[in-house]
Amino acid sequence: MNHNGELGDFLRSRRARLRPEDAGVAFGGGARRVPGLRREEVAHLAGVSTDYYARLEQGRHPHVSETVLETVARALRLDDTERGYLFELARPRTPVRRRPARAPRVRQPIHHMLDVLNDVSPALVLNHRSDVLGANHLAKQLITDFDALPHRDRNLARFVLLNPAARDLYEDWGQVAETFAASLRLAAGHHRDDRLLNELVGELSIKVPEFSTWWAGHRVDQCAHGTQRLDHPVVGELTLSYETLALPADPDQSIVLYTTEPGSASAETLRLLASWTAPTHTHEAAPSQARSN
């Protein structure tokens with residue numbers, strides 16, 4: 001990935017989304033030749049010369065001070081996630097000494113936590129690539145049994161974007177898929193030399209027609225929290241909130257926890273899914289019958 005080019009593309013995309021009136025830039029009206037702000041307008045807001053900012057967008061300024069980056073971030077009205085992404089892209093690359101990759105491991109207490117949550121909340125452990133490192137039984141029943149997939153397919157982003165079942169499962173598939181693209185875009189800024197991540201992005205660009213458009217939009221998202229509407233093949237429709245919880249002792253791992261609003265129809269639906277699919281349950285009514293009752 002050409003990160004000098006990525007920096008310029010990102011700055012241009014953020015510049016294009018800003019209207020002059022939103023940035024406090026006065027103009028005489030009429031048609032504008034470029035969407036959003038002009039380079040000279042961003043340069044003025046950031047307090048740098050137009051030539052300096054132009055070289056920044058063109059990737060011809062390898063050493064940019066944090067002060068300039070801060071003023072550019074303010075001029076472009078970047079949020080905290082976008083600001084962090086900008087700093088990562090602008091950071092000079094240092095040679096990386098490649099070491100043999102070790103399979104990430106989830107600590108036993110985390111596995112125990114997933115099991116404790118099993119009766120009430122689906123939960124996954126992911127890394128920055130959205131590889132599924134662990135999942136409780138309820139999460140496997142809600143989304144898919146990642147343990148039953150080939151090792152390279154045990155990735156939540158890959159499942160959402162490439163598995164046909166995901167388009168039926170997620171009612172707002174396009175929105176969910178675009179958010180995963182934004183999450184991978186953010187991860188790519190933080191992990192420039194991650195071969196597996198770059199291969200995943202390349203594969204998605206080829207196999208998912210929408211992905212290239214989303215990637216070119218340079219949206220970045222931490223996927224820290226949100227809401228998803230599912231149409232589950234066994235229990236039907238339910239709305240879930242998700243929260244991503246960092247694990248400080250394991251910097252590249254986080255828990256994604258799904259919950260429902262207490263007392264809601266979705267809470268009852270999730271409870272039924274947990275009851276019907278519990279590993280030790282014995283029930284007269286087969287789960288497949290429930291949706292028609």
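**Strand pairing and helix packing in a predicted model**

Q: How many bridges join S3 to strand S4 (residues 236–246)?
A: This is a predicted model, in which local features need pLDDT of at least 70 and side-chain atom pairs count only at pLDDT 80 or more, while totals for chains, interfaces and linings use all residues. Residues are numbered from 1 along each chain as its sequence is written, and side-chain values use heavy atoms, without hydrogens and water. Strands here are DSSP runs of E with at least two residues, and helices are runs of H or I with at least four, numbered from the N terminus; two strands pair if DSSP finds at least two bridges between them. S3 and S4 run antiparallel, and the number of bridges joining them is 8.

Q: Which residue of S4 is the bridge partner of Leu 230?
A: S3, one of the edge strands, covers 225–232. In S4, the bridge partner of Leu 230 is Leu 238.

Q: In what order do the 5 strands form the open sheet?
A: The edge strands, each pairing on one side only, are S2 (132–135) and S3 (225–232). The pairing is antiparallel, and the order is S2-S1-S5-S4-S3.

Q: Why are H4 and H5 called oblique to each other?
A: Helix H4 (residues 66–75) and helix H5 (residues 80–90) pack with axes 10 Å apart at an angle of about 140°, where axes are lines fitted to C-alpha atoms, for helices over the stretch in contact, and angles run from 0 to 180 degrees between N-to-C directions. Angles under 35 degrees count as roughly parallel, over 145 as roughly antiparallel, 65 to 115 as roughly perpendicular and the rest as oblique. H4 and H5 are therefore oblique.
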